[in-house]
Amino acid sequence: MNSVLVASNRGPVSFTVSDGGELTMKRGGGGLVSGLSGVVKDDGVLWVCAALSDGDRSAVRQAPEGRIDHAGYDTGPLRMLDIPPATFHRAYNAVANSTLWFVNHLLYDIPNAPNFGTKFAREWESYRDYNGAFALALAGEAGHGARVMVQDYHLTLTPAMLRAERPDLRVAHFSHTPWAPPEYFSLLPDEVAREVLEGILGADHAGFLTDRWAQLFMDCCERLLGAEADRVARTVTHQGRTTRIGVHALGVDGAALRRRAGEPDVESHMTVLREQVGDRRLIVRIDRTELSKNIVRGLVAYGEFLAAHPEWHGRVVHLAFAYPSRHDLPEYREYTASVQRCAREIEDAYATEDWAPVILNVDDDYPRSLAAYRMADVLLVNPIRDGMNLVAKEGPVLSPHCALVLSREAGAAAELGPHALLVNPYDISGTAAALHEALVMPEEERRRRRDRLHAAATALPPDKWLAAQLDALA
């Protein structure tokens, strides 16, 4: 039995099946996996996740109860849950990514969405079943009095379900997203909003990336549940139970990131990028084509910057990595097409025979991203709303002279804001002006800001971030 368990939708590894039926394993994607993989590897720690692909399901069926005791990549033992594909699709795509993500990132086109009818009721039932599968698996794997770390918006109901099964366990839930204010959160059907809040309050400790998101969660509990929120003690009491609210700003393991960025595959990408951009200044963005990341407005701002500052023509390149995200959802496919269309418009307006003003890459390539970080003069991070945004922290760790243009709506702004150029993510002209200010910033100020960004970004690396939450459950 296990003394510490981590539960998340995506696991630390994924599997693919070759034409010959052989399984190949690789590291899982996503920021949560990157943050936790290196620290969830001690004896007695089990990671529980869902099987996401046909390869994952094949691996699960070859392992007793989906238990993979030597997952590799220094992640320790792993249990994958083979949830029926239809149930998983409804829970993951229809509820987690198309509803809870949209609510907490304030993404809805309100005159047209959301619409909650009988179809959503079926989808919500699948979300319940999905969370229930995790609760039962955790209950079966946990030793007496074990500590369980439940991760993110995919698993908001799991803490309360798990408590009903195993009241002896100490349970934490952590939200890696922002949290919506009560008036927006109440777009959800009343019973659904209640279930989400009470699900998280089934935990002993509910964690958030910033104080802002924690306060909004407490606001929702007060307004929608009638719960008692103590802002000084950071607790919420509801139906006779008290949940402590914690703020844990996930940072970067600077030493590990620099080691990875010094490997030969990254050096090779740097050589290629230097051949493409020459000695021009480099504005870098690295994101998934996620609606909340605001890539289109960033590109439009860059186009406005070029229109306002012809002296920079031929002297600057915008390197935009916009990696595919959630292409099962039509909104995301359309958004990717908009990103590509906007980049072409800049090319058509400004490109010359020897100058490509924007280089857009939509193929995921982690070593190439690390190479771009190292070369960046300016890092553009302008999300509409973001729980934290590790890109904003990784860039200053790897670039020796990077100026950061950062949205005030990113969770990272709470720590990095004093040393970055903060922008309103909807203000295209303001963002264009900030790009210019970042490019002309004196070198001494640039390095001073970068050093302070580096210190803030590495203040709470993943091992300390996880340890603080485990300590809260002790």
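## Polar links across the contact

Start with the polar side of things: 6 residue pairs, both at pLDDT 80 or more, are in polar contact between domain 1 and domain 2. A polar contact here is a pair of N or O atoms within 3.5 Å; within protein, one must be able to donate a hydrogen and the other to accept it, and residues adjacent in sequence count only if both atoms are side-chain atoms.

On domain 1, the elements giving two or more residues to the side that touches domain 2 are α3 (85-104) and α8 (211-225). Helices are DSSP runs (H or I, at least four residues), numbered from the N terminus. The largest share of that side, 6 residues, is from α3. Sorted by class, the side has 14 nonpolar, 9 polar and 1 charged residues.

There is also 1 salt bridge between the domains. E409 and R212 form a salt bridge, with their closest N and O atoms 2.9 Å apart; the term covers a side-chain nitrogen of Lys or Arg within 4 Å of a carboxyl oxygen of Asp or Glu.

## Where the domains lie

The domain assignment gives domain 1 as 2-250 + 463-472 and domain 2 as 254-458. Their centres, taken over C-alpha atoms, are 30 Å apart. Together they bury about 1,600 Å², 58% of it on carbon and sulfur atoms; that is accessible area (1.4 Å probe) lost on putting the two parts together, summed over both.

## About the model

This is a predicted model: local features need pLDDT of at least 70, side-chain atom pairs count only at pLDDT 80 or more, and totals for chains, interfaces and linings use all residues. Residues are numbered from 1 along each chain as its sequence is written, and side-chain values use heavy atoms, with hydrogens and water left out.

How values were computed:
Domain bounds come from an automatic or database domain assignment. Ala, Val, Leu, Ile, Met, Phe, Trp, Tyr, Cys and Pro count as nonpolar, Asp, Glu, Lys and Arg as charged, and the others, Gly among them, as polar.
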